[in-house]
Amino acid sequence: QDKHTKMTEFWLISAPGEKTCQQTWEKLHAATTKNNNLSTNSKFNIPDLKVGTLDVLVGLSDELAKLDAFVESVVKKVAQYMADVLEDSKDKVQENLLANGGKVLTIISLKLRNHLKNILVLSSLDTVPFIFIFKGVNQIDNDLKARASAYNNLKGNLQNLERKNAGSLLTRSLADIVKKEDFVLDSEYLVTLLVIVPKLNYNDWVKQYETLAEMVVPRSSNVLFEDQDSYLCNVTLFRKAVDDFKHKAREYKFMVRDFQYNEEEMKADKEEMNRLSTDKKKQFGPLVRWLKVNFSEAFIAWIHVKALRVFVESVLRYGLPVNFQAMLLQPNKKTMKKLREVLYDLYKHLDSSAAAIIDATVDIPGLNLSQQEYYPYVYYKIDCNLLEFK
């Protein structure tokens with residue numbers, strides 16, 4: 001299938017079991033695939049959890065909504081930082097993270113099955129390990145902050161040094177341009193200045209520089225380097241004439257750069273740059289591995305929370321005994337509206353029964369129309385568009 005018709009979002013829905021839950025699944029699958037293949041579907045089996053009181057469920061529903069928002073924010077942060085670190089085309093990052101889009105359905109179902117079994121099978125809903133999920137994801141969030149801060153620091157320092165070695169002659173570092181022989185060094189009376197001369201004014205410079213102050217050494221100026229707009233020239237003169245020379249040079253738009261030739265300093269700068277560059281390369285691999293592993297962990301935690309929300313909302317809506325089928329749909333971009341209509345036709349009869357089960361005085365977040373889209377079936381969106389496309 002053309003990858004552009006695929007959505008990076010999934011719909012996690014549930015409907016009550018008919019004679020059997022299998023029948024509910026078959027009905028949905030037939031309705032969404034028979035005309036025009038509206039979505040790619042997969043069963044989403046949630047282990048049976050012991051159910052507490054209605055009050056507990058309503059409380060859980062609220063808690064889970066908050067947890068969902070928190071975990072989603074961490075998933076997106078990790079994804080976004082992966083894009084920043086890889087400095088790669090955003091498409092590639094998105095595919096990388098989601099194991100090539102198409103496989104997500106299977107991956108979500110498989111990973112979830114294993115993880116949910118481990119964590120939830122022995123739980124009753126009163127003791128669902130929110131803390132376990134929150135702590136795990138919070139740890140990822142804190143680690144990400146620390147790692148990102150260290151890596152960004154390194155990257156920032158390296159960029160500053162690189163910036164120093166680029167840009168216009170007025171601002172860039174001159175250390176990698178000039179040589180020892182361009183200067184008169186260790187003289188009590190003489191000093192060599194570096195002057196930025198705009199190309200348009202170069203003829204003036206040649207004519208004028210020897211007379212800009214007294215005691216300029218004749219024919220002591222050479223062009224050492226040029227960029228698009230300017231030449232870098234040296235000139236040697238007596239120390240006591242420097243202030244005069246600078247002042248006069250400015251009138252002709254010749255800019256004297258503040259520069260002391262210091263081999264030790266220049267060598268230290270070069271070594272610092274090499275060190276930062278090596279450090280960045282060393283940290284890159286482990287950081288990308290950490291991001292991949294922890295993206296996966298956070299993503300699984302996120303799907304866990306969605307699974308728990310489906311369970312709680314399904315019990316609140318469809319009542320006891322627990323009897324519903326959860327299903328994961330990946331809609332096709334072009335036919336989403338049609339898919340909504342098909343789902344509505346399949347499940348519109350649930351509206352009246354839902355109202356009968358729920359005591360009207362209880363505020364069920366899932367049924368709070370102002371807070372989210374309401375459909376007659378339980379519905380949560382898993383938005384896998386994890387990158388802010390800037």
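Reader: Which residues do ring pairs link into a cluster?
Author: Trp11, Tyr347, Tyr375, Tyr377 and Tyr379 are linked into a cluster by ring pairs. Rings of Phe, Tyr and Trp (its six-membered ring) pair if their centres lie within 6.5 Å; planes under 30 degrees apart count as stacked, over 60 as edge-to-face and the rest as tilted.

Reader: Before going on, what kind of model is this?
Author: This is a predicted model, in which local features need pLDDT of at least 70, side-chain atom pairs count only at pLDDT 80 or more, and totals for chains, interfaces and linings use all residues. Residues are numbered from 1 along each chain as its sequence is written, and side-chain values use heavy atoms, with hydrogens and water left out.

Reader: Is Tyr377 buried or exposed?
Author: Tyr377 is buried, because its relative accessible area is 1%. Buried means under 20% relative accessible area, exposed over 50%, and partly exposed in between (1.4 Å probe, protein chains only).

Reader: And what is Tyr377 in contact with?
Author: Neighbours within four places in sequence aside, Tyr377 is in contact with Ile13, Ser14, Arg317, Tyr318, Arg340, Leu343, Tyr344, Tyr347 and Leu350. Contact means heavy atoms within 4.5 Å. Tyr377 and Leu346 are 31 residues apart in sequence, and their C-alpha atoms are 9.3 Å apart in space.

Reader: Arg340 is on that list. Which ring does the charged end of Arg340 sit over?
Author: The ring of Trp11, with the charged end of Arg340 at 3.8 Å from its centre. A charge sits over a ring if NZ of Lys or CZ of Arg is within 6 Å of the ring centre and within 35 degrees of the ring normal. Elsewhere, Lys199 lies over the face of Tyr231, 5.4 Å from the ring centre.

Reader: How many aromatic pairs does the structure hold?
Author: There are 15 aromatic pairs. One of them joins Phe295 and Phe299, which are stacked at 5.6 Å centre to centre, with 25° between the planes.

Reader: Why are Phe295 and Phe299 about one helical turn apart?
Author: Because they are 4 residues apart in helix α8. Phe295 counts as buried, because its relative accessibility is 4%. Phe299 also counts as buried, at 9%. Phe299 and Trp302 make an edge-to-face pair, because their ring centres are 5.8 Å apart and their planes are at 75°. Trp302 counts as buried at 0% relative accessibility.

Reader: OK, new topic. How many residues are in the largest nonpolar core?
Author: The largest nonpolar core has 73 residues, and Ile13, Leu28, Val71, Leu291, Leu343 and Tyr347 have the most contacts inside it. Elements that each supply at least two residues of this core include β1 (9-16), α2 (54-86) and α8 (263-318). The most comes from α8, with 19 residues. A nonpolar core is a set of buried Ala, Val, Leu, Ile, Met, Phe, Trp, Tyr and Cys residues joined through side-chain atoms within 4.5 Å.

Reader: What does Ile13 touch?
Author: Residues up to four places away in sequence are not counted; among those Ile13 touches are Leu28, Met327, Leu343, Tyr347 and Tyr377. A second, separate core has 19 residues, including Tyr209, Val242, Ala249 and Phe254.

Reader: And Phe284, where is that?
Author: Phe284 is in helix α8. With a relative accessible area of 32%, Phe284 is partly exposed. Leaving out neighbours within four places in sequence, Phe284 is in contact with Val85, Leu86 and Tyr151. Phe284 and Val85 are 199 residues apart in sequence but 7.9 Å apart in space, C-alpha to C-alpha.

Reader: Last thing, the overall numbers. How many helices and strands?
Author: The protein has 10 helices and 8 strands. Of its 390 residues, 45% are buried. Among contacts between residues at least 6 apart in sequence, 82% join residues at least 24 apart.
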